[in-house]
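Please walk through the structure below with the text beside it. The paragraphs move from charged pairs to helices and then to loops.

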Amino acid sequence: MSSNATTAVVSLFNADEHVLANASALLAQVNRVVVVDDGSSRDPGQILGQLQDLGCTVERLAVNSGIAAALNAGIAVALASAERPAFILTMDQDSLLDGGYVAALEESALAAEQAGVRVGMVAPASIRGLPTRRAGVVNGVQLGGEPIQSGLLLPVSVIEELGPLQSDLFIDGVDTEYFLRTQSAGFKTVIAPKAALGHSLGTMTQARLFGTDLALRGRPVRVRTAASWRYYYLFRNRILLARKYGRQHLWWAIKGFLADYRHLAIVTLLAPNRWERLSSAMAGIADGIAGRAGKRRVS
C-alpha cells in the first residue's frame, strides 16, 4: 500500500536496468518518486524514459554536481507540487526496499512525535542485516546515531526550517552534515524498529599482505573498501565538518577521525590499489585543511 504522505527522491548516476526494480518497489509505497540524473557520463535517456513510463517524475542536471545537489533538485520539485508531502525519503539508486518499509518509518515518526520527541529524521533499524547505530531511548522511543543517506525519512517541516542539504560537500558526509545540523537544532534521529534496508556499503575485497592472500582458520580475510576517488571526499569532508561542528560535537569528531585513519591504515596495508587510494586521501586532507569544498579540481 502506498503512502500519500511521502515523496521519494532518488539520485542517479550512470544507472543501469537494476534501478527499474528499485523504482517499482518505491512506487508501490509512496505517493510520488522523483528521480534526478546527476549529469551522467553515459547517455541516460533510455533508462530515464523507462523510469518515466513506470510513473516516476524525471529531472536531469546538466553537469555532475554531486549527490546533495541532485537530492536538493528533487526535493525542490517535490515541494513545488500542489500535493505537498509531509516527508521526503532520500534514496540511492542501488537501494531496494522491502514491502512496508515506508509505512514503518512513518509510523515511527508519528509515534515519536506523540511521545514528545522532535523528529529530525527516521532511519531503519538495520542496513543489510547490520544494526543501525543507537543513541539511547527517550519516552520509549529508540533514538539513533549518525545514519546513512539512503532510506532516510526527512520531515518536510524540518527541511523548511533548516534548509537544503549541503551541496558543496559533493558526496560523502552529506548525511553526516545534515545529522549534525538537526542535532545542533535540537532534533533527534529516530530508529524505525520494523524497517530494514537492503543497501550495498562498499566492496568486500580479498586481503593480501606482501602478495599473499590472507586467511583465518581456512576462511579468506576480506576488507571493505570504497572506490579510490571517494577517499578524497571522505577525508576532505571529515575535516570540513569537524571545523564546522567539532566544538559542539567533539566526541563525534574524535571518533570519526579515529575510525577514518584506522580504516585507511588497514586498506593501505591489505587492499589492492593502495597507492591510488592513499594519494586520493592525502589530497583530500590537504584540501580539507585549506578549506576547499565543491567538486574536486584536478589539474
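The side chains of Asp-172 and Arg-230 form a salt bridge, with N and O 2.6 Å apart; the term stands for a side-chain nitrogen of Lys or Arg within 4 Å of a carboxyl oxygen of Asp or Glu. Asp-172 sits in the loop between helix 5 and helix 6 (174–184), and Arg-230 in helix 7, so the pair ties together parts 58 residues apart in sequence. Helices (H or I, at least four residues) and strands (E, at least two) are DSSP runs, numbered from the N terminus. Asp-172 is buried at a relative accessible area of 13%, whereas Arg-230 is partly exposed at 26%. Here buried means under 20% relative accessible area, exposed over 50%, and partly exposed in between, with a 1.4 Å probe and protein chains only.

The model is a predicted one, in which local features need pLDDT of at least 70 and side-chain atom pairs count only at pLDDT 80 or more, while totals for chains, interfaces and linings use all residues. Residues are numbered from 1 along each chain as its sequence is written, and side-chain values use heavy atoms, with hydrogens and water left out.

Asp-172 also receives a contact from Asn-237: the side chain of Asn-237 reaches the backbone oxygen of Asp-172 at 2.6 Å. Asn-237 belongs to helix 7 (residues 230–245) and is buried, with a relative accessible area of 1%. Leaving aside residues up to four places away in sequence, Asn-237 touches Leu-169, Ile-171 and Asp-172, where contact means heavy atoms within 4.5 Å.

How many salt bridges does the structure hold? There are nine. One of them joins the side chains of Arg-84 and Glu-160 at 2.1 Å, N to O. This pair links distant parts of the chain, 76 residues apart: Arg-84 is in the loop between helix 3 (67–79) and strand 4 (87–92), and Glu-160 is in helix 5 (residues 156–162). Both ends are partly exposed, Arg-84 at 42% relative accessibility and Glu-160 at 49%. Another salt bridge brings together the side chains of Arg-208 and Asp-213 at 2.4 Å, N to O. Arg-208 is partly exposed with a relative accessible area of 35%, and Asp-213 is partly exposed with 44%.

Helix 3 is next. Its 13 residues reach 18 Å from the first C-alpha to the last, close to the 18 Å expected at 1.5 Å a residue; the expected span is 1.5 Å times one less than the number of residues. Ten of the 13 residues of helix 3 are buried, so the helix is largely enclosed by the rest of the structure. Among the buried residues are Ile-67, Leu-71, Asn-72, Ile-75 and Leu-79. Their cover includes strand 1 (6–12), strand 2 (32–38), strand 3 (57–61), strand 4, helix 5 and helix 6.

Helix 8 has 21 residues, which should span 30 Å at 1.5 Å a residue, and its end C-alpha atoms are 30 Å apart, in agreement. Its buried residues include Trp-252, Ala-253, Gly-256, Asp-260 and Leu-264. What covers the buried residues of helix 8 includes helix 6, strand 12 (203–206), strand 13 (208–209), strand 17 (222–225), helix 7 and helix 9 (274–290). Leu-250 is in helix 8 (residues 250–270) and is exposed, with a relative accessible area of 52%. Together with Trp-251, Ile-254 and Leu-258, Leu-250 forms a nonpolar patch on the surface, with about 450 Å² of accessible area in total. Patches consist of residues with over 30% relative accessible area and no salt bridge, with like charges joined within 9 Å and nonpolar side chains (Val, Leu, Ile, Met, Phe, Trp, Tyr) within 5 Å. Accessible areas come from the Shrake-Rupley method with a 1.4 Å probe, and for residues only the protein chains shown count as cover.

Two loops remain. Asn-139 lies in the loop between strand 8 and strand 9, is exposed at 58% relative accessibility, and has a phi near 50°, a positive value in a residue other than glycine. Gly-140 is found in the loop between strand 8 (134–138) and strand 9 (141–144) and counts as exposed at 69%. Asn-14 likewise has a positive phi, near 50°. Asn-14 lies in the loop between strand 1 and helix 1 (18–27) and counts as buried at 17% relative accessibility.

Technical notes: A polar contact is a pair of N or O atoms within 3.5 Å; within protein, one must be able to donate a hydrogen and the other to accept it, and residues adjacent in sequence count only if both atoms are side-chain atoms.
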